[in-house]
Amino acid sequence: MTVVTRFAPSPTGFLHIGGARTALFNWLFARHHGGKFLLRIEDTDRKRSTQEAIDAILDGLTWLELHWDEAEVYQSRRAEQHRAAAERLLAEGKAYRCYCTPEELTAMREAAKAEGRPMRYDGTWRDRDPAEAPDGVAPAVRMRAPQTGNTVLQDLVQGEVTVANEQLDDMVLLRADGTPTYMLSVVVDDHDMGVTHAIRGDDHLTNAFRQTQLYRLLGWEPPAFAHIPLIHGPDGAKLSKRHGALGVEAYRDLGYLPEALRNYLLRLGWGHGDDEIISTAQAVEWFDLDGVGRSPARFDLQKLDHLNGHYLREADDARLAGLVAARFPEASEVARQRLEDGMTGLKPRVKTLVELAEMAEFYLRERPLTPNGKAAKLLAGDAPQILKDLHAELQASGDWTADALEAVVRNFAESRDLKLGAAAQPLRAALTGSNVSPPIFEVMQVLGREESLARIADKAA
């Protein structure tokens, strides 16, 4: 059997972090078993589905590098197949037309609520003669669900889960206007797409019982279900925006690398011993559903920052330089090369690309640099004269390497009975426009003789 998984988001909003984790688990399971990972856009809610949301989902998955193996399927384009399945059940006596009006259904629910009973359809038209149908009422189509016995799921995460069939009512398959319901569409689409494993959030667990019944009425084998616990905030409450439940595109804009976010999402509810940093190759090799826990995972931005810092340090310098330079489209090619050359000194000091861009900005800006507030203070007082004298010493240096430049500045400071910082701090402010930077002699080597001397001269007396 070839394993086939699917990610099936509704495009009524952006790709949120919980959906991204569901997609990742489906992708990893398929890759681990040498199978296929499919994408279905469940856009049957035409009023709430938007092209903007569809684009955000596709862009988010692409940025996360969770590539699907066939063209995405749009559920709204398959309504005829959904209706055909319902019509077949009608013809086989496994479904029936229900002529209850909206008012009757409301009264049914209110009566059940008043009596403390579950609010379920009471089967009014299950065995009633259609000849009794009232004039002018368009019927819905309901499946004829089993009323005795149990429906049992062998869930690959939750274990064996059972519900008594008497607790489930006859689910609507086609609404009175002829449109298929979500529950019908999901079953027909998963069958037609050959889905073998439905891996999704455990908020869908109750749906699985009804869907299993529908599979059996249609004579189809249900997929193996795996319902993964939802993600909670650090306080144990349901994940919300205040916890960091943002769209995937927001994490990209906040400066996280896709491999870091994949690693973090992988560890939200799945484990492999004490391993925390897990490469994508290792994840594909190790991932299986027996490692998924049954308790909700807790989202923690500090852990994501820690992981992102690790992946930034491991990332290729040219790649990082390209990502940072994209935030400065006006930067010259010379400046971009400087940035790449200086990346080794930059990336150990940051946790996000945003922080990296802020620290690296001095490599990309054209002179004269405008110092920040703290740097401006370092350039006040005696600093301009110190920089003027130091400029002359540096100009005479024949070796423009970090070690040689440090020796020049140390000798300069000692000859004037100055602490090293009295020369190095104004030098840092002049070269970077900031009071914080990578080691300043390394910066000078990266900037090169001509650029360094010009920046020093800009701030000298």
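Predicted model: local features only at pLDDT ≥ 70, side-chain atom pairs only at ≥ 80, totals over all residues.
I counted 19 helices and twelve strands in the protein (DSSP runs numbered from the N terminus, H or I of at least four residues for helices, E of at least two for strands). The radius of gyration comes out at 32 Å, well over the 23 Å from the globule rule for 461 residues, so the protein is more spread out than a compact globule (taken over C-alpha atoms; the rule is 2.2 Å times the number of residues to the power 0.38). I boxed the C-alpha atoms along the principal axes and got roughly 110 × 45 × 40 Å.

Residues are numbered from 1 along each chain as its sequence is written, and side-chain values use heavy atoms, with hydrogens and water left out.

I find 36 residues lining it, with His16, Gly18, Gly19, Thr22 and Asp203 nearest the centre. Strand 1 (4-7), helix 1 (17-32), helix 5 (182-192) and strand 9 (197-201) each give two or more residues to that lining. Helix 1 gives the most, with six.

Last, I checked helix 17 (residues 420-432) against helix 18 (residues 440-447). Their contact (heavy atoms within 4.5 Å) uses Leu427, Arg428, Leu431 and Thr432 of helix 17, plus Ile440, Val443, Met444 and Leu447 of helix 18.

Technical notes
1 Å grid on protein atoms, 1.4 Å probe; cavity = no way out; pocket = protein on both sides within 12 Å on 5 of 7 lines; lining within 4 Å.
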